[in-house]
Amino acid sequence: MKPHTLLSGLVGLASLTLADIGCGAAEFNQVLPGKSSLTFTYKQMGVAMNGSFRKFDSRVSFDPAKVNTATAQIGIDLASIDTGSAEANDAVLGKDWFNTKAYPGARFLASGVRALGGHRYEAVGKLSIKGRSRDISVPFTFTQAAGLGVFDGTFSIKRLNYAIGEGAWADVGTVADEIQIKFHVVASASPAKK
Amino acid sequence: MNAMPSARYALPAIWLHWPVVSLTLCAFPLGVYMHELSLSPQKLQIYSYHKWLGITSLLLFLPRLQVRLWRAPPADLPAPAWRHRIARLTHVLLYVLLIAVPLSGWLMSSAKGFPVVYLGLLPLPDLVAKDHDPGELLTLVHKSLNLGLLALVALHVTAACKHHLLDHDATLRRMSPFGKQPEAAS
């Protein structure tokens, strides 16, 4: 909890600093993996379960003043999944689920970002999992705190669109089709451009 | 004691006894069967059904206890005092386990990070936070309590059969939802 206190304590200071250097001049492109998280929620038999991916690699470059030049690419190590239960952690690596032997990673590649007003933005791009790609749009907010840029967003995918859960698992009455994905990505501005 | 005890259990007591018997007879074998299954949709379904049965039985416990406390059971049939003591002890322990078994299952489910959603509709609160070691301990507690319940139910059923088939007395009939009022104890 201490880093949080420290962080919020620095917010006031940081906004002053940003005001001094001119807000928006910074391009946030150094993701801090330790401060970022990728979690998801799914339902089985009506029971909401939470999971996360421990390893994912995000490359972003985002300048709130020049949104149309923003880029984002997120690679997820699917074997780093924590579904919330040890038994399921083993099962989801198998053929019916992610088949990580053949498809170790998932990837999101943004093709464009637009501003929706305020702190709200939307990225569109391709999400590829298990050899299947779909165009998705990902709403997110971008805020600055303590000199860091924070991207927060939640979006849903349908697992069957990506063949996640085949065979008996295709039954969405047991494990729901909809998976909610939530990300929290923290990036610093590259020193050179600051 | 309130009024003169009748020869038969109060009707609410009878109506609550048999549904709990049915629930237990379903939940127990499901529990034994399901925990060794490998992960499949069927396993998730059976786990849910098991939990719903357990929670239903837990819900029936309160009215059951109330009936037991407010409506006196029938007077003891003639038997040596030590047998009455064993019968009373068995009943008390059965009541304890009827609440402890589903409750320990609910606790175990919470500790293992699986919230209970009653009938797939009503999310019940987590009784404890998700934590590995308490989860394992509560699994052991749930299993042990169930073995205790199995032993007590075996004793309870054996005694009821013994009274009905060997002694030909009204012990079992006075809990029967069918049939006439058995004759009062002589």
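The conversation below goes through the terms one by one.

Visitor: What kind of model is this, and how are its parts numbered?

Guide: This is a predicted model, in which local features need pLDDT of at least 70 and side-chain atom pairs count only at pLDDT 80 or more, while totals for chains, interfaces and linings use all residues. Residues are numbered from 1 along each chain as its sequence is written, and chains are lettered from A and ligands numbered from 1 in the order in which they are written.

Visitor: What makes a stretch of chain A a helix or a strand, and how many are there?

Guide: Helices (H or I, at least four residues) and strands (E, at least two) are DSSP runs, numbered from the N terminus. Chain A has two helices and 11 strands. From the N terminus on, their order is α-β-β-β-β-β-β-α-β-β-β-β-β.

Visitor: How do you know that β2(A) and β3(A) pair?

Guide: Two strands pair if DSSP finds at least two bridges between them. Seven bridges are found between β2(A) and β3(A), in the antiparallel sense, so the two strands count as paired. One of the bridges has A:Gln44 with its partner A:Val47 in β3(A). The two strands form a hairpin with two residues between them.

Visitor: How many bridges join β8(A) to β9(A), and how many join β9(A) to β10(A)?

Guide: β8(A) and β9(A) run antiparallel and are joined by 10 bridges; A:Lys126 stands opposite A:Asp135 in β9(A). Six bridges join β9(A) to strand β10 (residues 148-158), again antiparallel, with A:Thr143 partnered by A:Val150. Both pairs form hairpins with two residues between the strands, and the turns include A:Lys130 and A:Ala146, each with a positive phi of about 55°.

Visitor: Why is A:Met45 called buried?

Guide: A residue is buried if 20 or more other C-beta atoms lie within 10 Å of its own, exposed if 12 or fewer, and partly exposed in between, with C-beta atoms placed from the backbone. A:Met45 has 21 other C-beta atoms within 10 Å, and therefore counts as buried. This residue lies in the loop between β2 and β3 of chain A, and its phi is near 50°, a positive value in a residue other than glycine.

Visitor: What makes a group of residues a nonpolar core?

Guide: A nonpolar core is a set of buried Ala, Val, Leu, Ile, Met, Phe, Trp, Tyr and Cys residues joined through C-beta atoms within 7 Å. The largest has 41 residues, and A:Val60, A:Ala123 and A:Val185 have the most contacts inside it. Its largest share, six residues, comes from β11(A). A second, separate core of 12 residues includes B:Ala27, B:Trp52, B:Leu53 and B:Val116.

Visitor: What does A:Val60 touch?

Guide: Two residues are in contact if their C-beta atoms, placed from the backbone, lie within 7 Å. Leaving aside neighbours within four places in sequence, the contacts of A:Val60 include A:Phe28, A:Val31, A:Thr71 and A:Val185.

Visitor: How many residues does each chain give to the contact between them?

Guide: Chain A gives 14 residues and chain B gives 12 residues. On the side of chain A, the largest share, three residues, comes from α2(A).

Visitor: How do you know that the span of helix α2 of chain B agrees with its length?

Guide: The expected span is 1.5 Å times one less than the number of residues. The 30 residues of α2(B) (residues 41-70) should therefore span 44 Å, and the end C-alpha atoms are 44 Å apart, which agrees. Among the buried residues of this helix are B:Leu44, B:Trp52 and B:Leu53.
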